[in-house]
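Me: I'd like to go through some helix packing and ring contacts here. Can you take my questions one by one?

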Amino acid sequence: MANHGGGGGCCPPMDLFRSEPMQLVQIIIPIESAHLTASYLGDIGLIQFKDLNAEKSPFQRTYAAQIKRCGEMARKLRYFKDQMSKAGFTPSVLTETKGDISLDDLEVKLGDLEAELIEINSNSEKLERGYNELVEYKLVLQKAGEFFKSAQTSAVAQHREAASDQAPEESLETPLLTNQESKSDQGKQVKLGFLAGLVPKAKALAFERILFRATRGNVFLEQAALDEAVVDPSSGEKVEKNVFLVFFSGERAKSKILKICEAFGANRYPFVEDLVKQEQSITEVSGKISEIKTTIDAGLLHRGNLLQTIGEQYEPWSLLVRREKSIYHTLNMLSIDVTKKCLVAEGWSPIYATEQIQDALEQATIDSNSQVGAIFQVLHTKEMPPTFFRTNKFTDSFQTIVDAYGVAKYQEANPGVFTVVTFPFLFAVMFGDWGHGICLLLATLYLIVKEKKFSSQKLGDIMEMTFGGRYVILLMSLFSIYTGLIYNEFFSVPFELFSPSAYVCRDAACSEATTIGLIKGRDTYPFGVDPAWHGSRSELPFLNSLKMKMSILLGVTQMNLGIIMSFFNALYFGNAVNIWFQFIPQMIFLNGLFGYLSLLIIVKWCTGSQADLYHVMIYMFLGPTDDLGENQLFPNQKTVQITLLLLALIAVPWMLLPKPFILKAQHNRRHQGVSYTPLEGEDESLQVEANHDSHDHEEFEFSEVFVHQLIHTIEFVLGAVSNTASYLRLWALSLAHSELSTVFYEKVLLLAWGYNNVIILIIGLIVFIFATVGVLLVMETLSAFLHALRLHWVEFQNKFYEGDGYKFHPFSFALLRDDDE
């Protein structure tokens with residue numbers, strides 16, 4: 001949990017090792033001061049209320065109407081936010097408001113603003129629809145007019161031709177559609193009707209086919225594609241359309257054409273045959289378009305001003321609604337007494353917060369002008385309290401890593417204390433390269449410098465996790481720089497940072513400092529791996545040996561730390577059985593085998609012995625009495641090994657057998673002679689105790705306890721082997737990271753450099769940068785992070801950490817989020 005501060009007193013120092021001592025409290029609040037009391041308690045955020053009305057549905061609770069009211073106001077605010085988002089407005093960052101507004105006033109204001117905004121949007125939609133229809137109408141007039149102009153030109157040409165042939169009966173009144181038959185038989189001429197409009201371009205071909213099929217070809221269709229897409233009045237989306245003009249004969253054909261137009265979403269518009277009237281219509285439509293455009297712009301300006309006004313107050317209003325809704329949700333968790341004059345609350349709070357809570361209750365009584373003050377009292381209970389660790393922005397991310405595995409049981413030792421150091425260090429052992437570490441450090445420093453900016457923004461899921469763990473990554477990068485200096489690797493390249501290499505050429509035939517012909521000619525390299533080891537034939541055996549043995553040492557150390565933590569847990573809870581029959585045999589078994597291996601590693605490093613540790617450990621089991629020969633590292637080694645082997649063998653039945661029998665004896669002593677039922681009329685508290693005792697007096701299942709202990713023993717014995725081997729991932733990932741870095745450096749960067757071509761060099765540099773960032777700084781970072789996570793959750797925490805508690809979730813306004821409902 002984040003650190004929750006509050007006024008009215010100084011908090012004691014934080015204790016990350018044990019959770020805060022908690023207490024169950026009861027508060028009796030007069031009904032007239034309940035709202036203000038909940039508000040003040042939400043401000044300090046130090047009490048977690050219990051739901052005393054769990055059997056009631058949300059609609060049966062006292063303040064259901066107020067919550068519904070707040071929900072409706074929240075809906076209006078979401079509507080405003082959606083409208084601002086569509087208009088491209090961003091709500092102003094929450095600042096201190098000049099004056100407070102009551103919930104009643106805000107409800108009225110939000111209702112008025114919503115009604116006004118809905119009316120503006122409705123009018124705007126009507127105007128937009130009308131504007132789009134007029135735009136389409138104008139295009140129809142222009143395009144269809146071109147058809148008639150073309151027809152008129154054709155008619156004039158035909159008239160002149162007919163006049164030259166001495167056929168004066170034809171005139172400009174001749175129908176547009178004429179053929180040879182109509183020329184020969186003027187009495188059979190008919191007046192054709194026509195329809196004009198627009199049809200979506202994608203449907204134009206199907207539209208034409210259906211028209212001809214439905215009328216059996218008795219229509220004449222002209223189409224012209226528009227140069228640009230137009231906004232469809234019905235959908236409001238841009239659509240590519242064709243202007244069509246269809247000529248028909250008869251009402252029956254007209255009826256069919258109208259149905260087809262409706263089916264294809266073709267918009268029809270009135271059209272006159274007279275060219276003069278067409279020009280007049282175009283002029284009138286252009287004028288209306290201009291007028292509507294002006295009206296729309298004025299409406300948009302008014303809407304923008306209204307949304308800007310809402311945006312300036314959106315955050316304070318939203319916060320007020322969320323606060324009020326959370327207050328009423330909390331009050332609904334309280335039970336009301338029979339007189340309906342008081343509310344009874346129960347909840348958990350840290351012991352150190354008692355004074356702050358009492359001060360808040362007293363202040364609420366004064367400010368609400370209540371005649372009766374709230375009553376605060378501590379309840380005694382055997383219920384398990386919630387777990388509360390006070391953290392800051394630095395330690396919170398490390399605590400989150402632990403809580404992701406499981407929340408600590410109340411007063412259980414917290415692994416988060418050690419995770420602050422061990423997690424980034426184990427990551428760095430796998431990631432060690434001070435060049436890559438500097439890249440991580442620069443990226444993390446950017447996140448920390450821009451902390452205020454990013455914390456007020458909504459980030460994506462991946463960015464949100466990265467920003468939340470910025471201080472974890474900071475330590476990971478610092479430790480990576482340290483281990484990189486130990487490994488002497490900068491993008492896999494060694495440097496003589498602290499002094500020249502201790503190795504020189506053995507003779508004149510030694511031409512390169514990376515051959516096998518090197519001898520020690522100077523003082524030992526003062527810090528980290530000597531740069532001469534990089535590139536030599538001895539490098540892989542040496543680095544393999546160094547990293548592998550170091551992984552074992554780190555693993556055994558951390559597993560011992562986990563067992564020591566189990567000892568402190570047993571000591572704190574007064575569990576002597578676990579101390580004698582869990583902690584001690586586990587320490588003996590683990591250190592009798594793997595602790596001894598760690599000792600041999602250190603002795604070999606200090607003495608420079610050539611002993612084969614694999615041989616020593618194998619024959620410690622297969623031939624404990626055999627002579628060690630050249631594998632002896634210290635006097636009386638064989639006696640020590642036999643003793644440790646016997647102790648390790650004794651530790652297994654020590655863990656398995658005594659504990660179930662001792663637990664059965666304790667159970668029998670605890671319940672000896674307890675066999676009664678409470679008499680009628682006894683005090684209620686005594687009945688509760690008696691019932692609780694009767695509940696505890698259950699049959700002791702020895703077989704279940706023994707099987708559980710058997711499983712626990714087998715799990716520890718096998719786990720001691722598998723967990724130690726699991727720490728070898730520190731060595732494996734470190735070697736993989738180093739080899740990948742070497743491949744990118746030698747096979748990409750140096751290879752491109754060898755061509756002596758600027759273009760190839762630039763391409764090689766770009767590939768090297770992208771490979772380094774994508775593979776080594778992203779994928780390898782994630783891989784090492786996950787492996788470090790596993791080493792803490794499985795290999796370390798399973799030695800002592802139960803993690804079956806539940807987190808302290810106080811009623812706090814500071815924890816309200818935008819998406820809280």
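Me: How are helix 18 and helix 21 oriented to each other?
Reply: Helix 18 and helix 21 are roughly antiparallel, a label for angles over 145 degrees. The axes of helix 18 (residues 637-656) and helix 21 (residues 702-726) cross at roughly 150° and come within 8 Å. This is a predicted model, where local features need pLDDT of at least 70, side-chain atom pairs count only at pLDDT 80 or more, and totals for chains, interfaces and linings use all residues. Residues are numbered from 1 along each chain as its sequence is written, and side-chain values use heavy atoms, with hydrogens and water left out.

Me: Which residues of helix 18 meet helix 21?
Reply: V652, M655 and L656 do, against F706, Q709, L710, T713, F716 and V717 in helix 21. Contact means heavy atoms within 4.5 Å.

Me: Rings now. How many aromatic pairs are there?
Reply: The structure holds 38 aromatic pairs, counted when ring centres of Phe, Tyr or Trp (its six-membered ring) lie within 6.5 Å. F194 and F271 are one of them, edge-to-face (planes over 60 degrees apart), with 6.1 Å centre to centre and 75° between the planes.

Me: Where do F194 and F271 sit in the chain?
Reply: F194 is in strand 3 (residues 193-200), and F271 is in the loop between strand 8 (267-269) and helix 7 (275-332), 77 residues apart.

Me: Is F271 buried or exposed?
Reply: F271 counts as buried, at 13% relative accessibility; the cut-off for buried is under 20% relative accessible area, with a 1.4 Å probe and protein chains only.

Conventions
Axes are lines fitted to C-alpha atoms, for helices over the stretch in contact, and angles run from 0 to 180 degrees between N-to-C directions. Helices (H or I, at least four residues) and strands (E, at least two) are DSSP runs, numbered from the N terminus. Angles under 35 degrees count as roughly parallel, over 145 as roughly antiparallel, 65 to 115 as roughly perpendicular and the rest as oblique. Rings of Phe, Tyr and Trp (its six-membered ring) pair if their centres lie within 6.5 Å; planes under 30 degrees apart count as stacked, over 60 as edge-to-face and the rest as tilted. Buried means under 20% relative accessible area, exposed over 50%, partly exposed in between (1.4 Å probe, protein chains only).
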